[in-house]
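Work through the exercises below with the sequence and the model in view. Each task is followed by a solution in steps.

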Amino acid sequence: MATGETHDTSTAVKTLPFALVALAALPAPLAARTPPAPPPTVEQRADSALKNDRLAWGFVEGITTEVGPRQAGTEAEARGRQWAMAWLRAQGFANVADEPFQMDTWVPGTIHRAEVVSPFAQPLVIQPLGDSAATPAGGLTAQVVMFRTVDELRAAPAGSLAGKIAYISHAMTPTQDGSHYGFAGPARWVGAGIAASKGALATVIKSIGTDWHRNPHTGGTSFPAGVAPTPAGALSLPDAANLERMFARAGGRPITLRLEMNPQRLGQTTSGNVVGEIVGRDPSLPPVLVACHIDSWWNGTGAFDDAAGCGIVAAAARHATAGAQPLRTVRVLMAGAEEVGLHGSVAYSAAHRDQPIAVGLESDFGADRIYRFNSNFRAANRALHDRIAAALVLFGVSTSDEVATGGADINIARDQRTAIIDLQQDGTRYFDLHHTPDDTLDKIDPAQLRQNVAIWTTVIGILANERETILPAGQAPGSGGSR
Ligand SMILES: [Zn+2]
């Protein structure tokens, strides 16, 4: 990877301060003869992380191997929290805790079947969407009505889907910034609810994804108030394409699908947010909050989404502060139950809203390289924005005028109208893997993962030692300016 090649020649010099820090632990007579070493600079820490980090990989490798899938609200997610807390304690984090909250929990069940009954009988590969209802035992069989887009479905007359199964297609394209998720996503987010409100018995969608493997992409769907949930599933892209070819060949004959799925609602169960801190020297200064989420969908091991994010932020918090206590506390938040409705992020904000944070940032877009830095304080605190931007240039990261809005796990930063930073990752292959059985450790490129850790080390190192207010109160973009 090109971003790491510029400083290879100075490895020995730049890693020397770490060795000097280690000398401080030697017996007194020898230490007395050794001049005290300055702690490594932010640049040296980041450079070392870029070449040598093992912590982030270790986190992802460990949790995907020892815990595996971590469906929100289940005992598997609870084991994930226990694993993460043990890891944080082993890495020297303080105040490690599991902050529990209650949630309404859905589980996928074990039967996920679809088959075309006529005119071209054959099985299709399907998985349920989060919040899907179960079919009757033994399944349901009905005619399929195809919609090319959600807007086409929206335009269908009221009641026109009574007794039918709605199928929704779309045309999602891979993009570096993942922006096509916003274009294609509504087929999953709201399609089943719209179809149900028009009388559909069930909804089947083309997976919201960009790969051509027979791996359905699951993810949450939703039903409007007053509309009873129906069965809702995602076909893999090859299976969706097959179904669409059937429509082209059927010559007007009805296409009949049999669908059988048995997801379940468990009622209220306990989830939780894992927190841990590197405690700063000045407790009067609001902390730097770095976030990720600990849950995953049941069908993969949640390596990209989002064990990688947790490994990146926690490893960087460690590297940015090792051997020199930071000015501000760095708090790691590994949010629970993000995938099924941001429950952990909402609960964290509700519990801590009156405890100001200085800045919030999260990693939740896989493990590929970071290419852009944005903040919401470029106008209000240009000097700091420019200092961070300048420090990231050597990693191949640019900046822009775009105002950072943060991700799913940092509701608290938006609720407090505080400083937010986005470190945008390359999402070109993210939606090949997102919410599929293919979200596994082997998909992570160790060199790109280390590039993430190095950049996060830089950013945390700067923020945690910044004495001035990062975003002055009332200066948040869109907050009505300074009054
Ligand atoms: Zn995620």
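Predicted model: local features only at pLDDT ≥ 70, side-chain atom pairs only at ≥ 80, totals over all residues.

Residues are numbered from 1 along each chain as its sequence is written.

**Exercise 1.** State the strand order of the open sheet and its edge strands.

Solution. Helices (H or I, at least four residues) and strands (E, at least two) are DSSP runs numbered from the N terminus. Two strands pair if DSSP finds at least two bridges between them. The order over 8 strands is S1-S10-S12-S11-S13-S16-S14-S15, with mixed pairing. S1 and S15 (398-399) are the edges, each pairing on one side only.

**Exercise 2.** Describe how S10 pairs with S1 and with S12.

Solution. Start with S1 (residues 94-107) and S10 (residues 264-278), which are antiparallel over 12 bridges. Here Asp98 is opposite Val274. Next, S10 and S12 (residues 330-335) run antiparallel and are joined by 5 bridges. In that pairing Val275 has Leu333 as its bridge partner, and Glu277 stands opposite Arg331.

**Exercise 3.** Find the strands that helix H12 lies across.

Solution. Contact means C-beta atoms, placed from the backbone, within 7 Å. Axes are lines fitted to C-alpha atoms, for helices over the stretch in contact, with angles from 0 to 180 degrees between N-to-C directions. H12 (residues 343-352) lies across S1, S10, S11 and S12, at about 60° to S10.

Methods: Contact = placed C-beta atoms within 7 Å.
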